[in-house]
Amino acid sequence: QLTDLLETRLKDLRDASNHMNNIVREIELVNSKFQALNELLNLTGKVRENELLEVNRVLVDFSEILRWSQTITSDLLEQSRMNSLVVESVCHLDTRGQALLHQAVWVMQPGLSTHTDNLISHIRHIVQQEGAVESKKSQT
C-alpha cells in the first residue's frame, strides 16, 4: 500500500514536471517568433527605437516585450531543469535534509526571480485586457 502511494505521488510529480516542460517549450516557441520578428524588422530597416505595438488595446514597447520574453524563457528553463532533477532523484535520497532541500526547490521555485514573476504579471495584465474590454461591451 505504501509502495502504491509512493508510485502515485511520483507519477504526480512526473506529470507536473512534464506539464511545465511543455509550457516552457511553448514559451520558447513564442520567444523565437519574437526574435525572428525583431530580426526581420532589423533586415527591412523598419525597426525604430521605442517601437510601440498595440496588444489588446494596450500600447507596449516591442523591445521591452522581447526582453521580457527572453528573461522569462531563461528563468523558466532553469526552473524546469531543477524540477526535472528533483523528479529524477526523489527516490534516491538518503536523509531527511536531502528530502527537505528537494521539497524546497520544488515549492519555492528558486529558478524564477521576483523580477520574472513581475514580468509574467505584466504580460498577464496585457493579455487580460481583451477579456476586460469584451466583458464591458457585453454589459452595455
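A residue counts as buried when its relative accessible area is under 20%, as exposed when that area is over 50%, and as partly exposed in between, using a 1.4 Å probe and protein chains only.

Before we go on, a word on the model. This is a predicted model, in which local features need pLDDT of at least 70 and side-chain atom pairs count only at pLDDT 80 or more, while totals for chains, interfaces and linings use all residues. Residues are numbered from 1 along each chain as its sequence is written, and side-chain values use heavy atoms, with hydrogens and water left out.

Back to Gln79, which sits in helix α2; helices here are DSSP runs of H or I with at least four residues, strands are runs of E with at least two, and both are numbered from the N terminus. Setting aside neighbours within four places in sequence, Gln79 is in contact (heavy atoms within 4.5 Å) with Met20, Val105, Gln109, Pro110, Gly111 and Leu112. Of these partners, Gln109 follows helix α3 and has a positive phi, near 50°.

Helix α3 itself has 13 residues and reaches 18 Å from its first C-alpha to its last, close to the 18 Å expected, where the expected span is 1.5 Å times one less than the number of residues. Helix α3 (residues 96-108) also provides the largest share, 5 residues, of the lining of the second largest pocket. A pocket is an open set of points on a 1 Å grid over the protein atoms alone, where a 1.4 Å probe fits, with protein on both sides within 12 Å along at least five of seven lines; lining residues have an atom within 4 Å of a point. The second largest pocket holds about 150 Å³ of space, a volume being the space filled by probe spheres set on the points, which are joined across faces, edges and corners. Its lining includes Leu13, Val86, His102 and Trp106.

Now turn to the largest pocket, with about 530 Å³ of space. Of its 18 lining residues, Ile72, Ile120, Ile123, Arg124 and Val127 are the closest to the centre. Two or more lining residues come from each of α1 (2-44), β1 (52-55), α2 (62-89) and α4 (114-139), and α4 gives the most, with 6 residues.

Finally, look at the loop between β1 and β2 (58-61), the place of Asn56. Asn56 is partly exposed, at 22% relative accessible area. Asn56 and Gln129 are 73 residues apart in sequence, and their C-alpha atoms are 5.8 Å apart in space.
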